[in-house]
Structure formats: C-alpha cells, structure tokens
Amino acid sequence: MSLKMKPEELAQTISYKPPKKHWIDNPVEYKKGTYNYGGNPESLKYVHQPNPRKWQPYDEDWKLPENWKEIILEGFRERIDKFRSLKLFMDICVRCGACADKCHFFIGSGDPKNMPVLRAELLRAVYRKEFTLAGKLMAGMAGATELTFDVLKEWFYYFYQCTQCRRCSVFCPYGIDTAEITFLARELMNLIGVNIDWVMTPVSNCHRTGNHLGIQPHGFKDSIEFAADDLEDLTGIRVETPINKKGAEILFVIPSADYFGEPHYFTLLGYMALFHEIGLDFTFSSFASEGGNFGSFVSHELMKALNAKIYAEAKRLKVKWIIGGECGHMWRVLHQYMDTLNGPADFLEVPKSPITGTVFENTRSTKMVHITEFTADLIKNNKIKLDKSRNNHWNATFHDSCNPARAMGLFEEPRYILENVLNNFTEMPDNTIREQTFCCGSGAGLGTEENFEMRMRGGFPRANAVKYVAENNGVNLLTCICAIDKATLPPLLQYWVPGVEVAGIHELVGNALVMKGEKERMTDLRNNPLPRKEVL
Amino acid sequence: MGIWFSLVALAALTLLGLIGANVPGLNYVFAVIIPYIAITVFIVGIIVRIVIWARSPVPFRIPTTGGQQKSLSFIKQNRLDNPSSYLGVLGRMALEVLFFRSLFRNTKAELKEGPNLTYGANKWLWLFSLAFHWSFLIIFLRHFRFFTQPIPFFVPYLQEIDGFFQIWVPIIYITDCVIVAALSYLFFRRVFDSKIRYISLPSDYFPLLLISGIAITGILMRYFFKTDLVAVKELMLGILSFSPSVHAVGLSSWFYLHLFFVCSLLIYFPMSKLVHLTGIFMSPTRNLANTNRMVRHVNPWIDELKMKPHTYEEYEDEFRTVMKGAGMPLDKEESHVS
Ligand code: HEM
Ligand code: SF4
Ligand code: SF4
C-alpha cells in the first residue's frame, strides 16, 4: 500500500472553502484511490443478494435492473415506514452546520459533500422530491432532486465515504445520526446490487465458514494451536485450546483477524494467557469464529443472519454466557442490535464471573460481556498478578474506537486496565478522545487498498492527534480495542507518524501477566526483547 | 439564490399584509378568518406530523452515548450523557431542550502549518441560538396579557424581569434587543460563512426573515407607532372565545402586518424544518436509555428480515471430513453414540 503524495503535500490539498457551484449541480467525480470496488457476483450469489454481476464503479454502465429507480423508491418508502429514525432525520435537520467540520472525512478531504449534513442531504434531496409536497411543487427552491444515475453515483461515492462512526451525531442538537442514514442508504443501494466487494465477500465467507476470512474449521483449529505453541515458547506454559467444547461455562467470540492478522494476534495471545491463568472454563467456536459483522455495513437482514450464529452456537454448546473480544463494530452489533435481532437469550444465564463472583448486571438480557469489562473486574478484585514494568518499553496512548465509544460508552474499563498494566500513559487531546474520538478512517468496510488515499485522508485527524502526543510526550504505542483499528491504524501511522505502533489492550495484559510457573520472560508477546530490569 | 427567493417571499407577504390592512373589505379576513385558519393549520399540522412519526416504529435502540456507560460498580457512570434510567433520559432531554447540550460541545476544526489540526471551542452558535429561542419563548409568554383575562400570574413577573434595566418609556425589554441581535447573527452567519451558505436552502433563510419580520413589527408598534392595545386585546379575546368582532378603530397597518406574519409562521411551521420543536423529543439517539444489554428492545417487524441463517448442521455437513481429520468434535457422530 502506498500513496505517492507525501503527507505534507496531501495536507496542502485540503481546503475548507466550498466551491462556487451549488452542490446539487455539481456531479461527483470518481478519483482513483478514493472509492472501493464493486461486489463480486459469486459472493452476492452465495448470500442471495440481488443483481449479482461483474461491474465496477468506474464503468459507464453499472448494469442495473431496468426498474432500478422504482426499486429504490419503493425501498425508501418502506424504510420510512419502518424506521422512525430515518423519517425523523429526513424531516428535522435545520442545517445549522454544527456537524459540518466534525467528520474526519471532511476534515481530511475538504470535500463539502463529506460534511455529514450534506451527506444526509444527498438522500434528503430525493426524499423531498418524492415524498413531500414542497419538493414536488418547487424542486429548485425546496432543495429537491430527482433520482437519476448521477445521483446514484453520488450516493455510492459518499455513502461509502462514511465510516458510520457517529461523531457527527454527538454534536448535532437533535442527535441526527448520519451513520444511521448511511446504513439505510447502503441498504437501498444493495437492493439493486450496488455494494462493495470488501463488504460482500467477507459477508459471504462469514455465512459459509463462520468468519469473514473464509477460514475453515481445521484452519481455525490450527491457528489457535499455533498461538498456544507460540505462548509456550514465550512463557514455558502450555495453555488450553478448547474449541467447540460442549458444556463449557463460557463461549468466547473474537473477531477473526485476532487469529490471522498482526498485531491482532498478540492480543489473542494475551486473552489465552489470561484465561489459562485464571483457570476459566471457556470454549472457542469454529462456527462462531467471527464476532465482527460486515453484514452491519450493508443491510439489517445480512446483519441479522450473520449475527444469529452466536446465540445458536451458545445454545448448541450449552454454555452459560458469552464473552466478546476486542472489536469495535462487532460490539455495536452485540450491544445495540443482537438481543433485538436474535434474542431473547433465555437459554443463557445472567453472566457471573466464576473468578470474582461479580454479576454483570448490565448484561442481564443479552448475556454477553465485553472482555475489558471482564478483565477490569479481575484486576479490581486482585485476581491476577501484574508486572507493569514488562511494558516499560511502551509509552502508550489510547484510541477510543468509534463504536464502543459512541454506541456503548465503554471508556473507563479499558483505561482502568491500562492503568494497571502499564507505567507510561498519555491521553491524546480532549477533543479527539472518548465520545469525541476520531475514526481510524477505514471502518465500515472501507479499509481497502484501492481506497487508500481516502483512508489516509479520513484517518488524518486521528493520526494528527497521535502525532501530537508522539512529539510532545514521546508516545510510541497506540492502544485500541478494535480489530479494524489494528488492521488499518498501522499503515495510517506509517504514513502520518512513522514510529508509533499499534496494540490491543490484552496484548499489554499478556505482557504484564505474571503466570504461575512461567519461565523468565525474555521478550514481550511480539518477541521484542524486554527492557532489562535496571542492573545497578 | 436562496437568500433572494426568501427575501422576495417575505416582500410578498408584506404586501399582502398591507393590502389586508388597508382594503376595508378585507379587514375581517385578515384579522379573523386568517388567524383561525392559521391556528387550525398549526395545531392539526403539528399533530399530523407527530402521528406520522409515531406511526413508524423504533426498530432498534440506538442511543448515541456521550459518556461512561453503566457497567462495573467501581466505575462511575455518566448518568446524563449516557443514561440508563428513565430519570436519566429525562435529564438528558431536559439539557438538550432547555440548554442545547449537544450544540454546546461545538468546536471549530482548523488546519494549521505543520500540518496541525486544532479544535477550538466555538460557542457562538450555541449562545445566539439559545438567546434566540429563549427570548422567543419569553416574548411569546409575555403576549398572554393579550390573550387572557385576567392576565396570567406569570406575565407581570416576566415583564418586570425583562424590563429590569428600566430605561426609556415605555421600558425596553431585554428580550426585544436579544432576539434582534440573535436573529441577525443567525441570518448573517448563513450569508457570510461560506460553509454554511453552501449548505443553506431557501427554507433556511425564510423562517429567520419571517421571524425577524414579526419581531421588528412588534418592536415598532411598542416603541414607535402606538397601537390601541385595548382594541387588540378585544380582538384576541374575541377570537379565542369564538365570538370574534373587528373594531377597525385603532388597529394600525403595523398590527395587521404583525398578525399576518404570525399567521404565516403558524401555517409554515408544520411543513418546515421548524418541526424540530416536536421532533427533538422523538429523536431515538437522544430519548432512549442505554440499557441495551439490560433490557430487550422489541422490533415489531423483525420477522420480515427473512434471510435464513446458515445453521451449524449445514456447516458440519459441509466440513465434516476436514473437521474429523483435525480431530474436532462432531454432532452427527455424537448422536450415533448416545
Ligand atoms: C423544544 C423547543 C426547541 C428546541 C429545543 C430548539 C432547538 C433548536 C436548535 C438547537 C437549533 C439549532 C441552532 C440554530 O441554528 O440556531 C434551532 C434552530 C432553529 N430554531 Fe429551534 N428549537 C425549538 C423550538 C423552536 C421554535 C418554537 C421556533 C420558532 C418558530 C424555532 C425556530 C428555529 C429556527 C428559525 C432555527 C434556525 C436558525 C438558523 O437557521 O440559523 N425553534 N432550534
Ligand atoms: S448538526 Fe444536525 S441539525 Fe445541524 S446541520 Fe448537522 S444534522 Fe442538521
Ligand atoms: S458517521 Fe462519521 S463518517 Fe459518517 S458522516 Fe458522521 S462523522 Fe462522518
């Protein structure tokens, strides 16, 4: 992955001055490096999605069904009746502009249609034309447009330039959530087969093999065992690798990148070491080998179908409750959607930590606990021994991943853990963390090679805040609790702030964890030599 | 273009209002019939709007969380920005509606040499917006002295506080100055801030101009061109008690204009963005408690999401051989055994 433009040059292309011409009369221009490729027909077929065909966004002809307009408008009408959010958000925006410069894509590109308000207006203009009296009578004055191929091209471009991060929604006086609008706009486009491959192929893989990467059961087992081997080399301890184990107390669901990507993998090592140390009776599942849900980037129906396997597997394996690993959009779905989509989980028990006895009252319906909630509780109750100095080579900061931040409010749990496993920690500036956190710029299915320039632009505000603490406080590690972050922040930082690395929280837990009977650790989990204890 | 369109629309309304005031036969229409129509359109329109919104269900519970969730006992929850109870939601909504909590967070992104991004606090919009809405409300409440007999208890208090500085005769109300300043700010930021101009539609300039029209005619009547208040009150009481009569004496053109603008606003209200007044109360990212994992949220149409999930049986059928080869437990075999 590379971008010819140097960071300084890229920054110079950004101007927040809008063009002269009104946005409605300004058609979109597809620029290389700023959009994603169309969905592969085979993937669409496997999950029975409409209009599978070979096509690319830069083609003249998108090979749409003849009646594509009717399909979209019909779908629009249906969703207005089904989602109060959509109807309300179409009606009440006052165009105050408070959200305008809150979006990382606007900040990084200066493209006015990346202001959340205009992104939503793209849909609203058609809404007004089709569903309101004023729009029908005087389109020009009411800001209404007909749905044309040009409008569709604009939708595709800009609704796949939104990472559904919800930052705009925090600042909007009415809470208008452009992520919700994007979700529904993508769902509409999917009705005519307009979607992107980096969403559709993982969806189809996940449907078939249980995970986005298409890893088959034996491959899953190999990866987990490989991790146990590595841990044994590092610590001298052989940890358990339970997979599809019936009757285990807890089902543990992680994003698939944890066992296939770096630096995710070191987080996996951390989880496994921790669970061994506390003697947790848990199991992985090769069928529910994905906590993430790319279905949530394209339609409610696919989101539901993919999510169903988690409860189904919990039921089949007869576990009591579920823990979920470090992943952002995964937790959006688990926290805000799963119970509604596939609950009630009345066959499970209210989660209770077998180690500390803590009952996780906040999960009494869903029965699914976030790993940082679980670990923070262990630490609070002094159930694990931690040697912070083993992370002395890191000077860390913490990136609040969008979804746990703005769709959950998971702020203190990871920070509490960090406080206990690490000596050197610095927060990034206030307007860039917690509920105001900036997206990695590659979420919601946009983390592709072909979209690289847009990712570097979208990730600019995040990277810039990292640069601030790197330069002023010597930060050399960006921690996070999201699998997409772990995949996309490294190239982002490589571009904007070379020298800062990325790690999951449980990697640092794994480093600091003093295990019974372990050999002296010479390296951390990623094989960096450990800082020698100061020899006098 | 949007600005001009709105100005022309306002000019047209002004002309109409003046005609109503000065063509004798039309007085009754403008002083009685149009107000009735306007009040009816407003009430019915708002109700219809709410009913239409309410008819669409809230399929998922999607609060935007602005603070720490309720989780472990030793972690302090932010009860207002991330409420988990009815009371918390009430608090959050009260902050939004009364003090524009979210707008208060506003920042301004700037790209400086370096490149360095900064996000300075930017409270002007919040300040003037709040000033506008509150003065609008207070002015509206003060008007009750024209609408009811006896005058409601709160009116004299409001008048006294609002006239606190006791300058000029008649005493100048603070809210009169504030609303003009705030409206000017809101209007001119749309005209001069290039970003805001770029996103503005005619329907964004128009209500500001119309409300300015109301405020300015009102102020002119109070301080410069006296109107017969007894006649005004008689007219209003007549309308509100459904026995209207018009005493043309004393009702100046200014009054006709003022009243006609108000009627226009009432009619325009339900079909415009001004319905944010009621919409904000129904916004699902703000009015729901973040109890997502505590209490199940039911979606009435969930079964319409028909796609069948891939089942474990199908999965095992497809991968049985490799699973067996890897020594992984199998369901089918087990069922043979037991
Ligand atoms: C529950 C009551 C209300 C709340 C919470 C509320 C809140 C807000 C907020 C936060 C804004 C955005 C900031 C701004 O652009 O000024 C706004 C804009 C606006 N509101 Fe309200 N409002 C309410 C009722 C009303 C009423 C009764 C009117 C009067 C007719 C009104 C007229 C306007 C106008 C004209 C704007 C647009 C300002 C502009 O275009 O710059 N609002 N409101
Ligand atoms: S902040 Fe909300 S009301 Fe204001 S322009 Fe953005 S979406 Fe519209
Ligand atoms: S959800 Fe995030 S990416 Fe999408 S418009 Fe809002 S701020 Fe931008």
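Predicted model: local features only at pLDDT ≥ 70, side-chain atom pairs only at ≥ 80, totals over all residues.
**Stop 1: ligand 3.** Select ligand 3 and show the residues around it: A:C103, A:H104, A:P116, A:R119, A:C162, A:T163, A:Q164, A:C165, A:R166, A:C168, A:T178 and A:A179. By class, this shell holds six nonpolar, four polar and two charged residues. Now colour helices α6 (116–131) and α11 (178–190) of chain A, each of which supplies at least two residues of the shell.

**Stop 2: ligand 2.** Stay in chain A and pick ligand 2. Around this ligand you will find A:C93, A:V94, A:R95, A:C96, A:G97, A:A98, A:C99, A:V117, A:C172, A:P173, A:Y174 and A:I176. How do the residues of this shell divide into nonpolar, polar and charged? There are 10 nonpolar residues, one polar and one charged. Ligand 2 sits in the second largest cavity.

**Stop 3: the second largest pocket.** Next, select A:T132, A:A134, B:Y268, B:M271 and B:S272, which lie nearest the centre of the second largest pocket. In total, 43 residues line this pocket, and its volume is about 1,200 Å³. Which helix gives the largest share of the lining? Colour helix α2 (residues 27–55) of chain B, which contributes six residues. The whole lining divides into 27 nonpolar, seven polar and nine charged residues.

**Stop 4: a sheet in chain A.** Switch to a cartoon view and find the three strands that form an open sheet in the order β5-β6-β7, with parallel pairing. Strands β5 (396–398) and β7 (501–504) of chain A stand at the edges; each has a single partner strand, so one side of each is left without a neighbour in the sheet. From one strand to the next, the twist averages 35°. Zoom in on β5(A) and β6 (residues 477–480) of chain A, which pair in the parallel sense over three bridges. Here A:F398 stands opposite A:T479 in β6(A).

**Stop 5: a hairpin in chain B.** Finally, select β1 (residues 107–112) and β2 (residues 116–121) of chain B, which pair in the antiparallel sense over six bridges. Look for B:K112 and its bridge partner in β2(B), B:N116. The hairpin has three residues between the strands, and B:G114 takes a positive phi near 140°.

Notes: Residues numbered from 1 in each chain as written. Chains lettered and ligands numbered in written order. Heavy atoms only, no water. 1 Å grid on protein atoms, 1.4 Å probe; cavity = no way out; pocket = protein on both sides within 12 Å on 5 of 7 lines; lining within 4 Å. Points joined across faces, edges and corners; volume = space filled by probe spheres on them. Helix = DSSP H or I, 4+ residues; strand = E, 2+ residues; numbered from the N terminus. Nonpolar A, V, L, I, M, F, W, Y, C, P; charged D, E, K, R; others polar. Pairing = 2+ DSSP bridges. Axes fitted to C-alpha atoms, helices over the stretch in contact; angles between N-to-C directions. Near = heavy atom within 4 Å. Sits in = over half its atoms within 2 Å of the grid points.
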